[in-house]
Structure formats: C-alpha cells, structure tokens
Amino acid sequence: MKPLNWKEGHVEMSHGAGGRAMAQLIEAFIEAFDNPLLALQEDSATFEAPRGRMALSTDAFVVSPLFFPGGDIGKLAVCGTINDLAMAGARPLYLSASFILEEGFPLAQLRRVVDSMAHTAKEAGIKIVAGDTKVVERHKADGLFISTTGIGQVEAGLGLGATQPRPGDAVLLSGSLGEHGIALLSARELLGFEVDIGSDCACLHGLVKAMVDSGACLRFLRDATRGGLSAVLNELARASGLGVLIREADIVVSKPVASACALLGLEALEIANEGKLVAICAPEDALRLLGAMRAHPLGREASLIGHMKEGPKGQVEMQLAFGGRRVLNWPLGEQLPRIC
Amino acid sequence: MNYAHAFADPALGRRLLLAIAREADKPRDYFLMEFCGGHTHALCKYGLPSLLPPNIHLVHGPGCPVCVLPAGRISQALELLSSSKVVLCSFGDMLRVPGSHGQSLLSARAQGADVRMVLGPMQALQLAQTLPEHEVVFFAIGFETTTPPTAQALRLAKQKGLKNFSILCNHVLTPPAMRGVLRAFGAAQGGLGLDAMLAPGHVSTVIGYKPFEEVAQAFGIPTCVSGFEPLDLLEAIYRLLCQLNRNEARLENGFARATTREGNPTAQQYMRETFVLRPNFEWRGLGNLPESALGIAPAYAAWDAQAKWQLPYKPVADNPRCCCAQVLLGQKKPPECTLFAKACTPASPMGACMLSPEGACSAYYAYVQEEPMAVLRVKKTEETP
C-alpha cells in the first residue's frame, strides 16, 4: 500500500472504512499526539483516577475558516475544552478528539490541524489519549469538524458556580475584548478592510492555577466565548439572582477592535473571545487576585470591572465612560455563525 | 484625529451638558425628535437621556428602513421565491422581518428557498455572475444612504449586460417622511407636539442638507443635522435649545466635518440616472406618502424585479396589538406597548421596531428596558390656540 501523500493527497472514503487506509491515517494521528495511552490503540484509554472531584466537558468545533489569524480549528479544539475544564477550577488531565472529515479534504490541511493540536496539547501539558475519525461523502460536511472531550481534576476546596456570588463581590476580567470574533470576520473577508487583529485563542488553565494559588476566595469563573462579556454577565445575573454593575472605563478594548466595531456597528462587549475569562471573588480578595492575574502572561491587562449587587435582580448595568448608566442586555441580533 | 474616540470625549461631554442645562433652565418643556433610528440607538447606548435635564423630551422618529417597510413588501419578496431559480439576497436584518402569516425570508429559507445574506448590492451582483443558471434578486431597502450602491449595481449590471440580476426596489426618501411626521404631529398648524428636529447626518452626506433646510422653512421647525457620536448629539440638542429660546426656526449643520449643503453630486447623479420618484408609497405607521420612494427608471426596467416578474403590491394588515405604527410616529414609547419585552423581544419580534437593530423598541430593549424619562409624548392640545 502506498504511503499517504501528505503534500497533495486528499481524504478519501477509504480513510474511514476501517481498512488499511484508515489505519494509515490513524497512525499519523498517534505519532503526532505521541503518548503511550493512545499508542496502545485500545477501544478505551484506561488510567488511574486521582482522588477528589473530577470535571468532564465536551465541545464541538465547526469554525469557518479552519485557519485564521492567531489560530486554527485544532488549537481551538484543544483550548476550548481545556478552558471549559479550567472554569470549573479543574486541572486538565486527558482529552479525547473525534474528527469528521469530508471526502476530498486536503491531507496537507489535516496535517497542519493535527500538528497544531499536538503542539497546543503539549504546551498545555495535557494528553490526547483517545480518538476517532469518520469520513463523510463530499458536500455532507464542510471540510473538517472536530469534537473534543476533556477530563480534569478539580482543585481541592474550590466551590465555583454561578449561584455562589454574593452582593459586594468583585467582578474581574482577564484582558481585552473582541479579538477572536473580529479576527474571524477579517479572515472571512467580510470586513471589506484589513485589520491587524489575531484571535486571542489560548489555554487558560495556567492563569486559573495562578488565580487559585493566590489564595483569593474565588466564587465563579467563566470564559467569555460566544456572546462575549455581555452574555457571561447576563447568565451570571440570572443564575445568581443578583444584579451586576460594571464600569465601561475599566473594560479594555484594543484600538483595532474598537475601530472595527465602530465601522461595522458591532458591540465589543458582545463579541466572542477564546482566551478571556470573567472571575468573581470576595471583595476583600479582589486586589490580591488582580495582582496574581496581572503577573500571568495571559492576564497582563486584567482589570477590576465592577461588583455584584442585591438588585435589580438578574440585571446587568454599566456605568458609562460618558457619564450615564445603561442596561447591558443579552446580545442582540444575529451572532456571527461558526466562530468556534 | 481618531474619529471613533474624539467625539465621545467625556470631559467635553460634561461641558456640553452644562451648557444644555443652562439653556434648558426655563419653565417649559422641550420636545425634540431624533428622526433617525441610528440616533435613537446612539442616544440610548451612551445613556444620554438620563444625563439631560428632565424638561428635555426626546421623541423617537421613524428613521429605520426595516421598521417602515410594510409587511406587504415582504410578501412580495416571498412571492418571488416561489420560482425555484430565484436566489434572493438582502441585508441580514431584513431576512427576519415577518410578512403575512408571520412568514419571513429566513423561514422561507428553512423551507428550502435560496435566500442569502449579503453586505450590499455589489455582493449580489458578483453572485449573479457566478450563478449564470440562476436569477439573482437583490431586495433593496433603505434611505438615501443605501441608495447610491444600488444605483451603482444597476449601472454595472447594464454595462455588463448581466441578464440574471435584478433589484426589488424599496428605497425610500427621508425628507418626504419627515414632512409626513410633521404633518401627523400637526406641526404646520401651530406646533402641536414637536418643537425641533434632529436630522440625520449620514443622509445629508448624500443629499446635502438643503432638503432639510426646506423642511425647516416649510414647517417653521428648528432643525439641526447631527452625526452619531455622543458629542454630535449633545451639540445638536444644545443648538436646537438655543434656537427655541430665541424663537428661531432654521436649519443648522452640526455635522460640518462630513456634510455640505449640496451633498455628494456623483451619488445624486447616479440616483437620478437609475431611479424615478414613485407617485405613492405605503409606509408602516405613516400610511401612503406621495413622492416618498424610488422606483427603477424605465431605462433600467430590464433589471427591475417587480416589472420582470410582474409582482403586484398587496397591502398586508399588521398585528393589531403591535404598536409599531405609534412608536414610529413618536406617539408611544416602546414600554407603553403591551407586547414590549413580553410577547415581543428581539429573539421573537412581533413588530419591525423590535426586530431591526435600528428600531426604537430594540434600542429600549438593549439599553434601557424601563422607561428612562418622564413620559410627555405630545404636548396637550389645549396649549395651542
């Protein structure tokens, strides 16, 4: 059997048919993800369970285009699930990944994506220990879809959740908003002008570890993905039954993002991020937590943006830089589809 | 200068607000209409109503192209889709507007019709070139701001002899609508209701501010052309208060950095070449307004979808509980509608004012939710002689 032509070859139906062609493809994945649990090629990866609480999370990735400034679907698929684990205060341990490939998908692109996943997982210190590939006929998918599931160990003593915040608690944001969504828009050539913005796609578990290690009393963590900061705060307000007041002046939006938003009539606070989190902590610990965040490379632009209050229940308000105050509602209108 | 930030400077804003407070320090109320939905959104987004003295009342006008398009026009577009060859293109917010029986272009798409979101007519034109087997129709809506690109698409289609491209034209004109609103308020008969008008700056960049000067003169109403940043709006409000306090009624240009009296001559020439005035056009909320909309000129009839498919226009009644018509006329504030934020939300809009991002209802839903200012919509008629 001929070796796979990674330069000019394409995915064929036989790559999902269970025969030798499929085995060839899978071997390439095993080589890239490089760990003994996967190399065994059993139906399941088995490992010793650590003590304490575990976290499990799953996510599907259908981003279009597959490659964009600052990342690609592979990096996103690893970071996205790691971040979901991290938001539960968990240390990510293992990932599984399944691939849905469209017949005709260029193998060179698949190679780039798999290498990107391997690189991201290695940097994050997480192992991809189980996987699956399926091939569907041409036009039955759009190139490549990836689904990842992750398992992690929750740090002892943490009780994070949207029902934990109390009135007076501090609201912190780890950095500038809107880069992922605007980078995707520019990659889709929908802007009609060029912007120098890369996605903020990043694994946040290191930042979360630094925050936990600071000893601050953390009550809630959430990454501000689809719907951006607005969606996270509204979910928080609804689930906690409290109000949230934030200050516009303390929210960081880079100039290119602000300009793109002004031109397109978008709200930076509603745009997706892939490497930013919102944290709620006890008010007396806010500065300590802020210091720990700023000391981490992914939290250099962290800021204290507001606080939780008794009411109005379920409502998010924003003190405007211009002087007034307004409601920050759930994001309006059509979300840009397939951003993750 | 960074235009995105310079016109939102809080320190300058505070100075303007002080000047406004001094000017408004009179035992009277001021009723100012911002005609354009973009202004309504900017006002709410920057929280300006809550910063203004309580005797300044902002009345929201009908300047939202999606909101004023009657349901019958959507039905017309839906009728086009009964032909399997048609690919219908329009702006994103247009696709969700319900026509008769609540059917929208998006729901038609879910049922198999080929409906596509585009950023403008040029994108639809390009699509027509790549799909020679299909009939690509651009559902054109909007005030004078979106009209020149449609004109340019028509010119290019003619130049290229593109036979599978056409325009379903629903372009409307700002000055006749402004006159319609002022007549509805009875402004010409002695100033019931409205004291002054903020005119849209972006429309003025195309048609110039001369047409608004004529409206200001005809109705004796102080008018100020305004941009869309908070300082633009505050400056326009300040200028209008000054005029009212001095019993003046003229047009001022508060958007001098982008507009002139004559506007953009090239855009106007393209529009004259490709469009003609329609004798009549139905507006949601305003009814039939004479010479308030554009049809496609006879020289471009081959690219006129309405002529090409001989689509008659049939009016469709709006949901009787929906107050869009009164909201569009500034006679009701969104929260006064019984459907507002209950049966009618941006996720499931009953009326166009909630659905369109420029609609007053969606502005209130997004930024205000509750009534932000004293409700005194229309001055009591007893006050007038």
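Mentor: We'll go through domains, strands, the core and the chain contact in turn.

Trainee: What should I know before I start?
Mentor: This is a predicted model, where local features need pLDDT of at least 70, side-chain atom pairs count only at pLDDT 80 or more, and totals for chains, interfaces and linings use all residues. Residues are numbered from 1 along each chain as its sequence is written, while chains are lettered from A and ligands numbered from 1 in the order in which they are written.

Trainee: Okay. Which domains is chain A divided into?
Mentor: Chain A has domain 1 (13-154) and domain 2 (170-327); such bounds come from an automatic or database domain assignment. Their centres, taken over C-alpha atoms, are 28 Å apart.

Trainee: How many residues of domain 1 of chain A are in contact with domain 2 of chain A?
Mentor: 18 residues of domain 1 of chain A are in contact with 21 residues of domain 2 of chain A. In contact means that the C-beta atoms of two residues, placed from the backbone, lie within 7 Å.

Trainee: And which element gives the most to that side of domain 1 of chain A?
Mentor: Helix H3 (73-87) of chain A, which gives eight residues. S4 and H4 of chain A also supply at least two residues each. Helices (H or I, at least four residues) and strands (E, at least two) are DSSP runs, numbered from the N terminus.

Trainee: What does S4(A) pair with?
Mentor: Strand S4 (residues 90-102) of chain A pairs with strand S6 (residues 144-154) of chain A in the antiparallel sense, over 11 bridges. With strand S5 (residues 127-136) of chain A, S4(A) pairs in the parallel sense over nine bridges. Two strands pair if DSSP finds at least two bridges between them.

Trainee: Where does H4(A) come in?
Mentor: Helix H4 (residues 107-124) of chain A makes a right-handed β-α-β unit with S4(A) and S5(A). Right-handed means that, with the strands pointing away from the viewer, the path from the first strand over the helix to the second runs clockwise.

Trainee: Switching topic: which residues touch the most other members of the largest nonpolar core?
Mentor: Leu172(A), Ala279(A) and Leu32(B), in a core of 227 residues. A nonpolar core is a set of buried Ala, Val, Leu, Ile, Met, Phe, Trp, Tyr and Cys residues joined through C-beta atoms within 7 Å. Buried means that 20 or more other C-beta atoms lie within 10 Å of a residue's own, with C-beta atoms placed from the backbone.

Trainee: What is Leu172(A) in contact with?
Mentor: Leaving aside neighbours within four places in sequence, its contacts include Ala279(A), Cys281(A), Leu290(A) and Ile305(A).

Trainee: Now chain B. Which strands form a hairpin there?
Mentor: S11(B) and S12(B) do, with three residues between them, and Gly285(B) in the turn has a positive phi of about 90°. Strands S11 (residues 280-283) and S12 (residues 287-290) of chain B pair in the antiparallel sense over four bridges. Glu282(B) stands opposite Asn288(B) in S12(B).

Trainee: Last one: how many residues does the contact take from chain A and from chain B?
Mentor: 16 residues from chain A and 22 residues from chain B. Helix H8 (255-264) and strand S13 (325-327) of chain A each give two or more residues to the side of chain A that touches chain B.

Terms used
A residue is buried if 20 or more other C-beta atoms lie within 10 Å of its own, exposed if 12 or fewer, and partly exposed in between; C-beta atoms are placed from the backbone.
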